[in-house]
Amino acid sequence: MEKPAVAEPADPPPYFQAHVFVCCNRRPDGHPRGSCAARGSEKLRDYMKVRAKELGLRGVRVNQAGCLDRCEFGPTLVIYPEGVWYRPETPADVDEILATHLQAGGRVPRLMLTEKDVPPPKR
Ligand code: FES
């Protein structure tokens, strides 16, 4: 006998319009995967938080994250709900992501990680 379908409640609307997670994981020097903090992500996170506030970006939350598991391509950040990943290296890169992606709704292809940017298999 088949069970009757249960209606799932509708998801509530997103709390943030955009939620940015900046990896700030730090591994010891010499670790084979490296880490985003070792490549400067903490300063970029701090800069992004300040600039997002200065720009008055409503509904945009910038959070520090632990390892996002794309360490080899760091420093990494990911923006939801789109799930678009970036690899900013400088404050100017962060400015471009803020202006183009978060303010204008566009993309910054030169800084994006793609489906081809996959870490080597784990052993
Ligand atoms: S250390 Fe940043 S993705 Fe792993």
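**Helix packing and backbone details**

Helices α1 and α2 are oblique to each other, a class that holds the angles left over when those under 35 degrees count as roughly parallel, over 145 as roughly antiparallel and 65 to 115 as roughly perpendicular. The model is a predicted one, in which local features need pLDDT of at least 70 and side-chain atom pairs count only at pLDDT 80 or more, while totals for chains, interfaces and linings use all residues. Residues are numbered from 1 along each chain as its sequence is written, and side-chain values use heavy atoms, with hydrogens and water left out.

Two packed helices are described by the angle between their axes and the distance between the axes. Here α1 spans residues 41-54 and α2 spans residues 91-103; their axes come within 10 Å and cross at roughly 45°. The axes are lines fitted to C-alpha atoms, for helices over the stretch in contact, and the angles run from 0 to 180 degrees between N-to-C directions. Helices (H or I, at least four residues) and strands (E, at least two) are DSSP runs, numbered from the N terminus. The crossing of α1 and α2 is right-handed, meaning that the near helix is turned clockwise from the far one by less than a right angle.

On the α1 side, the contact (heavy atoms within 4.5 Å) is made by Leu-44, Tyr-47, Met-48, Arg-51 and Ala-52, and on the α2 side by Pro-91, Val-94, Asp-95, Ile-97, Leu-98 and Leu-102. By class, nine of these residues are nonpolar, none is polar and two are charged. In this classification Ala, Val, Leu, Ile, Met, Phe, Trp, Tyr, Cys and Pro count as nonpolar, Asp, Glu, Lys and Arg as charged, and the others, Gly among them, as polar.

Which residues of α2 are buried? They are Asp-93, Val-94, Ile-97, Leu-98, His-101 and Leu-102, where buried means under 20% relative accessible area, exposed over 50% and partly exposed in between (1.4 Å probe, protein chains only). Their cover includes α1 together with the strands β1 (18-23), β2, β3 and β4. Just after α2, Gly-105 takes a positive phi of about 75°.

Apart from neighbours within four places in sequence, Arg-45 is in contact with Val-22, Cys-24 and Gln-64. Asp-46 is also in α1, but at 39% relative accessibility Asp-46 counts as partly exposed. The C-alpha atoms of Asp-46 and Met-112 are separated by 20 Å, and these residues are 66 apart along the chain.

Between β2 (60-65) and β3 (77-80) lies Pro-75, which a cis peptide bond with omega of about 5° joins to Gly-74. Asp-69 is in the loop between β2 and β3 and has a positive phi of about 70° although it is not a glycine. Asp-69 is partly exposed, with a relative accessible area of 32%. Pro-81 lies in the loop between β3 and β4 (84-86), and a cis peptide bond with omega of about 20° joins Tyr-80 and Pro-81.

The cysteines come last. A disulfide is a covalent bond between the sulfur atoms of two cysteines. Taken as a pair of cysteine sulfur atoms within 2.5 Å, disulfides number zero in the structure. Cys-23 is buried at 3% relative accessibility, and Cys-36 is buried with a relative accessible area of 2%.
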